[in-house]
Amino acid sequence: MTVFYEVWEEPLMTVNGEHLISEAIRTCGGINVFADLHGLAPRVGTEAVIAANPEAIVAGGMGEDNPAWLEPWKRFPALTAVQRDNLFFVPPSTLQRPTPQMLEGTRQLCDHLERARARR
């Protein structure tokens, strides 16, 4: 299950394979499409996400109950994540901060990726 994790929308940022969030993705059976990039939180372009064509897009940087950052991805119906409705939100306080709450964020992430696998 390939995954794009969106840390921030503008500029578009993600995590590389060394980041703790990437470890959570691996724990859930996912593959970070940008694991090989340099820097823990590299900037990427929309075109790079489209080229990677992830099976799931997970966003988390915009607030606790505001998954609105996922809406712009719907403009790209050729993306596998969009076709399968695999656009997910995990509250940043549960996954983007290295605290015990990461366990809850990882659980939510695993639930989302399990749902995405069922849509294959």
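Against which elements do the buried residues of α1 pack?

1. Basis of the note. This is a predicted model, in which local features need pLDDT of at least 70 and side-chain atom pairs count only at pLDDT 80 or more, while totals for chains, interfaces and linings use all residues. Residues are numbered from 1 along each chain as its sequence is written, and side-chain values use heavy atoms, with hydrogens and water left out.

2. Packing of α1. The buried residues of α1 pack against β1, β2, α4 (92-95) and α5, where contact means heavy atoms within 4.5 Å. Helices (H or I, at least four residues) and strands (E, at least two) are DSSP runs, numbered from the N terminus. Within α1, the buried residues are I21, S22, A24 and I25. They lie on the same side of α1, because the arc they cover around the axis is only 155 degrees; this arc is that of the directions from the helix axis to the C-beta atoms. Buried means under 20% relative accessible area, exposed over 50%, and partly exposed in between (1.4 Å probe, protein chains only).

3. The disulfide. The structure holds one disulfide, a term that denotes a pair of cysteine sulfur atoms within 2.5 Å. C28 and C110 form it, with their sulfur atoms 2.0 Å apart. The link is left-handed, with -85 degrees about the S-S bond. C28 lies in the loop between α1 (20-27) and β2 (31-32), and C110 in helix α5 (residues 102-118), so the pair ties together parts that are 82 residues apart in sequence. C28 counts as buried at 5% relative accessibility, whereas C110, at 22%, counts as partly exposed.

4. Aromatic pairs. Rings of Phe, Tyr and Trp (its six-membered ring) pair if their centres lie within 6.5 Å; planes under 30 degrees apart count as stacked, over 60 as edge-to-face and the rest as tilted. The count comes to three aromatic pairs. F4 and W73 are edge-to-face, because their ring centres are 5.7 Å apart and their planes stand at 75 degrees. This pair links distant parts of the chain, 69 residues apart: F4 is in strand β1 (residues 2-6) and W73 in the loop between β3 (56-59) and α3 (80-83). The pair of W73 and F76 is tilted, at 6.1 Å centre to centre and 50 degrees between the planes.

5. The ring cluster. Ring pairs link F4, F34, W73 and F76 into a cluster. Both F4 and W73 are buried, W73 with a relative accessible area of 4%. F76 counts as partly exposed at 22% relative accessibility.
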